[in-house]
Amino acid sequence: LAALDPVHASANAILQDRRLLDATDHVSPLIRQASDALRSALTACRRHYGEVRAKEIQRLEGADTWKKLTADQQKQLLAASPVPEADGSSISSEEELLAALARIPLHQWSDRTDAVAGRVDKLLAEAARLLEPKAQHVSLPSATLRNSAELDRWLAAARTSIESKLKDGPVIIS
């Protein structure tokens with residue numbers, strides 16, 4: 001964290017100047033400053049994850065495919081591929097903060113947040129498979145389109161890919 005750079009610089013200065021031997025406690029303020037920066041960053045990560053999760057759960061629950069499942073089927077799918085809640089444990093003390101960071105380090109929060117949409121996509125695909133057992137999964141090719149001609153070529157390729165699968169049954173597109 002960039003917010004920890006001043007803490008790191010001050011800690012190095014304390015070591016180089018041998019201030020640990022001073023009567024004044026130079027370390028405790030740095031610990032508080034580092035804890036505050038980490039707590040703030042972790043709180044922001046948790047909040048962002050919670051917002052993304054809420055949006056994705058709303059998308060899941062609003063999908064027609066999901067609504068057609070029974071409550072038991074929904075429960076089964078969620079048990080097999082859960083969308084975890086944000087860690088809501090207390091981080092008021094330094095020990096609690098360290099424990100929370102040990103469970104989920106700051107650098108893993110962006111991966112965890114990015115994975116929520118994929119998890120919901122997987123749940124929706126599984127729901128479609130339950131409703132349409134013969135459904136096939138088709139992934140459309142990714143592309144960077146610069147003009148109408150490129151769009152037309154991409155659409156033609158996507159159409160060909162989908163049509164070839166439609167011969168064998170319903171298609172799920174992702």
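What follows is a short chat about the predicted model shown above.

Visitor: What kind of model is this, and how are residues numbered?
Guide: The model is predicted, so local features need pLDDT of at least 70 and side-chain atom pairs count only at pLDDT 80 or more, while totals for chains, interfaces and linings use all residues. Residues are numbered from 1 along each chain as its sequence is written, and side-chain values use heavy atoms, with hydrogens and water left out.

Visitor: What secondary structure does the protein have?
Guide: Seven helices and two strands, in the order α-α-α-α-α-α-β-α-β along the sequence. Helices (H or I, at least four residues) and strands (E, at least two) are DSSP runs, numbered from the N terminus.

Visitor: Compact or spread out?
Guide: The radius of gyration is 25 Å, well over the 16 Å that the globule rule gives for 174 residues, so the protein is more spread out than a compact globule. That radius is taken over C-alpha atoms, and the rule is 2.2 Å times the number of residues to the power 0.38. Along the principal axes, the C-alpha atoms fill a box of roughly 80 × 45 × 20 Å.

Visitor: How much of the protein is buried?
Guide: Buried residues are 26% of the 174. Buried means under 20% relative accessible area, exposed over 50%, and partly exposed in between (1.4 Å probe, protein chains only).

Visitor: Which residues touch the most others in the largest nonpolar core?
Guide: Leu42, Leu60 and Trp66, in a core of 21 residues. Helix H2 (27–62), helix H5 (94–103) and helix H6 (106–131) each supply at least two residues of this core, and H6 gives the largest share, six residues. A nonpolar core is a set of buried Ala, Val, Leu, Ile, Met, Phe, Trp, Tyr and Cys residues joined through side-chain atoms within 4.5 Å.

Visitor: What does Trp66 touch?
Guide: Not counting residues up to four places away in sequence, Trp66 touches Leu60, Glu61, Gln74, Leu77, Leu78, Leu123, Leu124 and Ala127. Contact means heavy atoms within 4.5 Å.

Visitor: Changing topic, how many salt bridges are there?
Guide: Nine, a salt bridge being a side-chain nitrogen of Lys or Arg within 4 Å of a carboxyl oxygen of Asp or Glu. Arg59 pairs with Asp121, the closest N and O atoms being 2.9 Å apart. The pair links distant parts of the chain, with Arg59 in helix H2 and Asp121 in helix H6, 62 residues apart.

Visitor: Are those two buried or partly exposed?
Guide: Arg59 is partly exposed, with a relative accessible area of 33%, and Asp121 is partly exposed at 42%.

Visitor: Where do Glu163 and Arg159 sit relative to each other?
Guide: They are four residues apart in helix H7, so about one helical turn separates Glu163 and Arg159. Their salt bridge has its closest N and O atoms 3.1 Å apart.

Visitor: Which residues are networked with Arg46?
Guide: Asp87 and Arg103 are linked with Arg46 in a network of salt bridges. Arg46 is in helix H2 and counts as buried because its relative accessibility is 11%.
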